[in-house]
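Hi,

Here is the structure I said I would pass along.

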Amino acid sequence: MATSRPPPTYVLPTTVSRPISLDPSAPGTIMRSALLIEALSNFLGGIPMIFLTRPLLSLISSETPSPLAVSLTQWLGGLICGLAAPLLLAYPDTKRAMESRTTVYWTLGAGEGALVPVMLWQYMSQGNGSGLPGGFLLGAAGVLAATAAWRLWVMLARPEWMGRYREEGAKEE
C-alpha cells in the first residue's frame, strides 16, 4: 500500500517575511538611499502637478492651458506619486523588499525607456503640435535618460548595491 503524502504547502505572499541577515559586504545601503530619494522626488514633483497645475503649466508655456492639459497633467501627477509606492515597498531590509528591488528598477526603467524616444520624437518633429517647448522636451528626456542610465548601470555593473541577505537559521553552504 502506498503511503500518502501530505498536500503541498503554498505560501501566500505578504509584505512581511522571515528575519534575514544582511551581507556586510553588500547591505544595500546605496540602493535604499536611492529608493528613498526617488520616492521623495516623485512626491515633490507629482503633488504640484495635481494641486498647482495651472501655475506649473504656466512655467512651461505662455499659453493658457486647456482643460484637457490640466486634467492630463493632474493624472500624470497622480501616476508619478503612485510610482513612489513600489519604491517605498522595496526600501525595507526584508527578504521580499530586497527581492523586489530588481523588478522595480527594471519596470521603472522600461517606462523611462519608452518615454525618452517619444519625447525626442516630439522634439525632432517640431510641428507635432504637442504644445511643449523644445527645451522642455529635451530637458525632460535628458532627466529620464539619465535616470534610466543609472538604473541600467546599477543593474549590470553594480548588482550588489541591491543588497544580499541570508535567511536567519539557514544552513551555511
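Which residues in α1 meet which residues in α3? On the α1 side they are Asn42, Phe43, Gly46, Ile47, Met49 and Ile50. Their partners in α3 are Thr73, Gln74, Leu76, Gly77, Gly78, Ile80 and Cys81. Before you go further, bear in mind that this is a predicted model.

Staying with that pair for a moment: the axes of α1 and α3 (residues 67-82) come within 7 Å and cross at roughly 155°. Angles over 145 degrees count as roughly antiparallel, so that is how α1 and α3 run relative to each other. Their crossing is left-handed. Sorted by class, the residues of this contact come out as seven nonpolar, six polar and no charged.

The other helix pair I looked at is α5 with α6. Here the axes come within 8 Å, with a crossing of roughly 150°, so α5 and α6 are also roughly antiparallel to each other. The crossing of α5 with α6 is left-handed. This contact has 20 nonpolar, five polar and two charged residues.

Now the cores. In soluble globular proteins, nonpolar side chains tend to be buried together. In this model, the largest nonpolar core has 14 residues. Those with the most contacts inside this core are Met31, Leu35, Leu87, Val104, Tyr105, Val154 and Met162. Which elements give two or more residues to this core? They are α1 (29-51), α4 (84-89), α5 (95-124) and α6 (134-157). The largest share is four residues, and it comes from α1. Apart from this core lies another one, of six residues, including Val116, Met119, Leu137 and Leu144.

Setting aside neighbours within four places in sequence, Leu35 is in contact with Leu87, Ala90, Tyr91, Arg101 and Tyr105.

Is Glu112 buried or exposed? Glu112 is found in helix α5, and its relative accessible area is 9%. The cut-off for buried is under 20%, so Glu112 counts as buried. Leaving out neighbours within four places in sequence, Glu112 is in contact with Glu38, Pro117, Leu144, Thr147, Ala148 and Arg151.

Leu22 is in strand β1 (residues 20-22). With a relative accessible area of 33%, Leu22 is partly exposed. Leu22 and Gly163 are 141 residues apart in sequence, but 7.5 Å apart in space, C-alpha to C-alpha. Neighbours within four places aside, Leu22 is in contact with Pro27, Asp93, Met98, Arg164 and Tyr165.

How many residues separate Ser25 and Glu160 in sequence? They are 135 residues apart, while in space the C-alpha to C-alpha distance is 8.5 Å.

Cheers

How values were computed
Residues numbered from 1 in each chain as written. Predicted model: local features only at pLDDT ≥ 70, side-chain atom pairs only at ≥ 80, totals over all residues. Heavy atoms only, no water. Core = buried A, V, L, I, M, F, W, Y, C linked by side-chain atoms within 4.5 Å. Buried < 20%, exposed > 50% of the residue type's maximum accessible area, 1.4 Å probe, protein only. Contact = heavy atoms within 4.5 Å. Axes fitted to C-alpha atoms, helices over the stretch in contact; angles between N-to-C directions. Parallel < 35°, antiparallel > 145°, perpendicular 65-115°, else oblique. Left-handed = near helix turned anticlockwise from the far one by under 90°. Nonpolar A, V, L, I, M, F, W, Y, C, P; charged D, E, K, R; others polar.
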